[in-house]
Amino acid sequence: MASAFTTHHINGQHFISKLHRSNHRRPLGGPIRVAMDQKSSYWASINDDIEAHLRRAIPIREPFSVFEPMHHLTFSAPETTAPALCIAACELVGGGRHQAIAAASALRLMHAASYIHEHIPLTDQPRPNSPPRLGPKFGPNIELLTGDGMIPFGFELLAKSDALDDAHSGRILQVIIEITRAIGSQGGQCTDMGNGSTQMVGEGKGGELHACGAACGAILGGGSEEEIEKLRNYGFYAATIQKMSKMKAGEKNREAIEEMRRLAFKELEQFDGEKVEAISIFVNV
């Protein structure tokens, strides 16, 4: 897959997203309607399954110096919706939750590792804008090494996936490539604000992580190339909407958010209506 930049003009601003995609054309069409009272039970059930899978994979066991910090730091990091989106995308294209649970867990580990590296306590004083962390504290050296170890451990979960067989090994390899790109030098999106300044959108690399998560779910669920790319775009829009919705009231651009939401729904037009209603919770924030 090649890297490409896509520009979206919204309310006088243009948004540039860097995504890894193929060069096929996408059909155009009008926005679809989904129920706005979608409950969070679907998302909650997915997160429960991901957490249960990770707790089985990372129990507190010997050697305790390795698994105790990995266990606590994995679950103390703030949650991201990228892993849940991975499973939702898999189910949207007709796959089963078990096919994407390892990839979703790996994405959760990648996010936790990134968070740890960004919030390592370099001194005894709390870092500015760093949220308080519950549970044991292990010191910067242990946390740095633990964060480094989470990344290969995530790939190990994928390699040992229950869905790994001759028919799915190619999909697993493709997902490993997708995740490696998302967390590596090719990841990230930027926004050209139109006044010569550029800002990160989509939660920084979180936008790429969501795009990656949705694409990985579609790959593992057996989606077509067109479905994979539509869900990749949807994941990026979902992260961007979530980021913009968290802005302060004076900074929030509601017109831009609604336009992003319209673009997100446009990517879902060809999918089954009931399943679309479930996955739409990621942009109805």
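Tutor: Arg-55 lies over the face of Phe-75, with 4.0 Å to the ring centre. A second case is Arg-61, whose charged end sits over the ring of Phe-67 at 3.8 Å from its centre. A charge counts as sitting over a ring if NZ of Lys or CZ of Arg is within 6 Å of the ring centre and within 35 degrees of the ring normal. The model is predicted, so local features need pLDDT of at least 70 and side-chain atom pairs count only at pLDDT 80 or more, while totals for chains, interfaces and linings use all residues. Residues are numbered from 1 along each chain as its sequence is written, and side-chain values use heavy atoms, with hydrogens and water left out.

Phe-67 and Phe-75 are both among the buried residues of helix H2, along with Pro-69, Met-70, His-71, Leu-73 and Thr-74. Buried means under 20% relative accessible area, exposed means over 50%, and partly exposed lies in between (1.4 Å probe, protein chains only). H2 covers residues 64-76, which is 13 residues, and reaches 17 Å from its first C-alpha to its last, close to the 18 Å expected at 1.5 Å a residue. That expected span is 1.5 Å times one less than the number of residues. Helices (H or I, at least four residues) and strands (E, at least two) are DSSP runs, numbered from the N terminus.

The buried residues of H2 pack against H1, helix H4 (97-118) and helix H5 (140-159). Contact here means heavy atoms within 4.5 Å.

Leaving aside neighbours within four places in sequence, Ser-105 is in contact with Ile-50, His-53, Leu-54 and Leu-157. The side chain of Ser-105 also reaches the backbone oxygen of Ile-101 at 2.8 Å.

Rings of Phe, Tyr and Trp (its six-membered ring) pair if their centres lie within 6.5 Å; planes under 30 degrees apart count as stacked, over 60 as edge-to-face and the rest as tilted. Trp-43 and Phe-282 form a tilted pair, 6.5 Å centre to centre with 55° between the planes. Trp-43 lies in helix H1 (residues 41-57) and Phe-282 in the segment after helix H10 (273-279), so the pair ties together parts 239 residues apart in sequence. Trp-43 is partly exposed at 27% relative accessible area, whereas Phe-282 is buried at 3%. Another tilted pair is formed by Phe-236 and Tyr-237, with centres 6.0 Å apart and 55° between the planes. Phe-236 is buried at 2% relative accessibility, and Tyr-237 is buried at 4%.

Now the wider setting. The protein chain has 10 helices and 4 strands, and from the N terminus on the elements run β-β-α-α-α-α-α-α-β-β-α-α-α-α. Of its 285 residues, 50% are buried. Among contacts with a separation of 6 or more, 71% join residues 24 or more positions apart.

Methods:
A polar contact is a pair of N or O atoms within 3.5 Å; within protein, one must be able to donate a hydrogen and the other to accept it, and residues adjacent in sequence count only if both atoms are side-chain atoms.
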